[in-house]
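Welcome! Take a look at it first, and then we will go through it topic by topic.

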Amino acid sequence: MQRHLISAADLTRDDAVLILDTAEEMARVADRPIKKLPTLRGRTVVNLFFEDSTRTRISFEAAEKRLSADVINFTAKGSSVSKGESLKDTAQTLEAMGVDAVVIRHGASGAPYRLATSGWIDAAVINAGDGTHQHPTQALLDAFTMRRRLVGRDAGLGQDLAGKRITLVGDILHSRVARSNVDLLHTLGAEVTLVAPPTLLPVGIGSWPCEISYDLDSTLSKSDAVMLLRVQRERMNAAFFPTEREYSRRYGLDGDRMAKMPEHAIVMHPGPMVRGMEITAEVADSERCTAIEQVTNGVSIRMAVLYLLLGGNEPAVTHTRPPVSHHHPSNERSAHTISADEEK
């Protein structure tokens with residue numbers, strides 16, 4: 001990882017474990033009466049959202065404010081972009097305002113990479129989802145949730161997901177969550193199986209580091225975690241399956257199917273859930289479903305990413321693992337232990 005987070009594939013195992021460990025530290029801040037650290041005081045972060053999003057935008061905003069950053073929210077609707085302004089002009093405007101980081105969600109795959117490498121703006125760029133390409137912080141919060149549930153909150157520190165078997169079910173073709181998870185989970189040593197109708201698998205999937213199956217029932221008994229993906233109607237322009245009922249019958253998770261999973265196994269969903277389609281209410285509301293935990297964990301993960309990319313002026317570390325960020329050479333430390341300064 002350099003100074004940006006564009007793709008889950010850019011992370012090494014050590015980078016990823018460092019982010020997960022840092023997020024564990026950030027999660028402890030959320031347990032305090034005052035959920036704030038002064039780490040990014042005086043830094044300005046822009047949330048640049050060209051696509052609708054509630055969950056991700058609010059999660060990033062909460063993370064930024066908990067780190068005491070100054071936050072600017074920019075949504076394309078009703079902005080200069082809806083009048084025809086280009087990404088380049090928007091970036092140069094933000095540069096002129098002196099922003100330190102840009103969290104960008106864009107409908108076009110590759111837009112965050114373009115922003116990070118174009119020279120238009122001298123800020124850290126964090127990809128909050130681009131087209132059907134990548135959504136790295138989602139994959140990180142999913143891995144964080146898996147590690148907490150399958151390895152343990154304290155036992156998991158410093159650990160990856162080696163040997164864990166993860167099944168992703170649903171609309172793989174349009175899913176940046178699936179792509180990001182396959183990349184990150186493979187890096188962390190997990191075994192990934194994708195389950196979907198053939199029409200919802202992308203061309204070239206044979207080269208991905210995972211197994212492919214068209215039969216959900218055959219994979220359930222061997223899964224430590226089953227992640228259900230929403231059928232993304234907004235990205236579909238053709239008939240990818242006959243009817244919703246048919247999809248639900250073959251690829252939806254209900255109580256009977258959940259009963260085939262090992263006792264320790266968890267059910268995950270990146271949200272928003274379409275109840276009755278990919279998941280029944282019985283499963284969504286069960287103890288095994290981590291959808292709400294994933295939202296909580298998302299704030300901790302995004303705090304960790306911002307912290308490591310932008311690191312404040314206070315030393316928040318007591319050990320000497322190599323930093324994830326090379327953006328500020330003076331801040332070469334990780335966030336394993338919150339310092340006395342920040343406890344105040």
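Helices (H or I, at least four residues) and strands (E, at least two) are DSSP runs, numbered from the N terminus. With that in hand, the chain has twelve helices and nine strands, and His-106 is placed in strand E3, residues 101-106. What you see is a predicted model, where local features need pLDDT of at least 70, side-chain atom pairs count only at pLDDT 80 or more, and totals for chains, interfaces and linings use all residues. Residues are numbered from 1 along each chain as its sequence is written, and side-chain values use heavy atoms, with hydrogens and water left out.

**The chain as a whole**

- Of the 344 residues, 57% count as buried; buried means under 20% relative accessible area, exposed over 50%, and partly exposed in between (1.4 Å probe, protein chains only).
- Contact means heavy atoms within 4.5 Å, and among contacts with a separation of 6 or more, 74% join residues 24 or more positions apart.

- His-106 has a relative accessible area of 17%, so it is buried.
- A polar atom of the His-106 side chain lies 3.0 Å from the backbone nitrogen of Ala-108; a polar contact is a pair of N or O atoms within 3.5 Å, where within protein one must be able to donate a hydrogen and the other to accept it, and residues adjacent in sequence count only if both atoms are side-chain atoms.
- Leaving aside neighbours within four places in sequence, His-106 is in contact with Phe-50, Glu-51, Ala-111, Gly-129, Asp-130, Gly-131 and Arg-176.

**Two helices that meet H11**

- Helix H1 (residues 13-30) and helix H11 (residues 291-310) have axes that come within 8 Å and cross at roughly 115°; axes are lines fitted to C-alpha atoms, for helices over the stretch in contact, and angles run from 0 to 180 degrees between N-to-C directions.
- H1 and H11 are therefore roughly perpendicular to each other, given that angles under 35 degrees count as roughly parallel, over 145 as roughly antiparallel, 65 to 115 as roughly perpendicular and the rest as oblique.
- The crossing of H1 past H11 is right-handed; a crossing is left-handed if the near helix is turned anticlockwise from the far one by less than a right angle, and right-handed if clockwise.
- On the H1 side, the contact includes Leu-18, Ile-19 and Met-26, and on the H11 side it includes Ile-301, Val-305 and Leu-308.
- This contact of H1 with H11 holds twelve nonpolar, two polar and no charged residues; Ala, Val, Leu, Ile, Met, Phe, Trp, Tyr, Cys and Pro count as nonpolar, Asp, Glu, Lys and Arg as charged, and the others, Gly among them, as polar.
- Helix H2 (residues 55-66) also packs with H11, at an angle of about 55° and with the axes 8 Å apart, and the two are therefore oblique to each other.
- Among the residues making the contact of H2 with H11 are Arg-55, Phe-60 and Glu-64 of H2 and Val-295, Arg-302 and Leu-306 of H11.
- By class, the residues of the H2 and H11 contact are seven nonpolar, three polar and four charged.

- Ser-180 sits in helix H6, residues 176-187, and is buried, with a relative accessible area of 0%.
- The Ser-180 side chain reaches the backbone oxygen of Arg-176 at 2.9 Å.
- Beyond its neighbours within four places in sequence, Ser-180 is in contact with Ala-8, Gln-134, His-135, Pro-136 and Ala-139.
- Helix H5 (residues 136-150) packs against H6 at an angle of about 55°, with their axes 8 Å apart, which makes H5 oblique to H6.
- Where H5 meets H6, the residues include Pro-136, Ala-139 and Met-146 in H5 and Ser-180 and Leu-184 in H6.

**Two loop residues**

- Asp-254 lies in the loop between helix H8 (244-251) and helix H9 (255-258), and at 28% relative accessibility it counts as partly exposed.
- The side chain of Asp-254 reaches the backbone nitrogen of Arg-257 at 2.9 Å.
- Asp-254 and Ile-279 are 25 residues apart in sequence, and their C-alpha atoms are 6.3 Å apart in space.
- Arg-233 is in the loop between strand E8 (225-228) and H8, and at 42% relative accessibility it counts as partly exposed.
- Not counting residues up to four places away in sequence, Arg-233 touches Glu-244 and Met-277.
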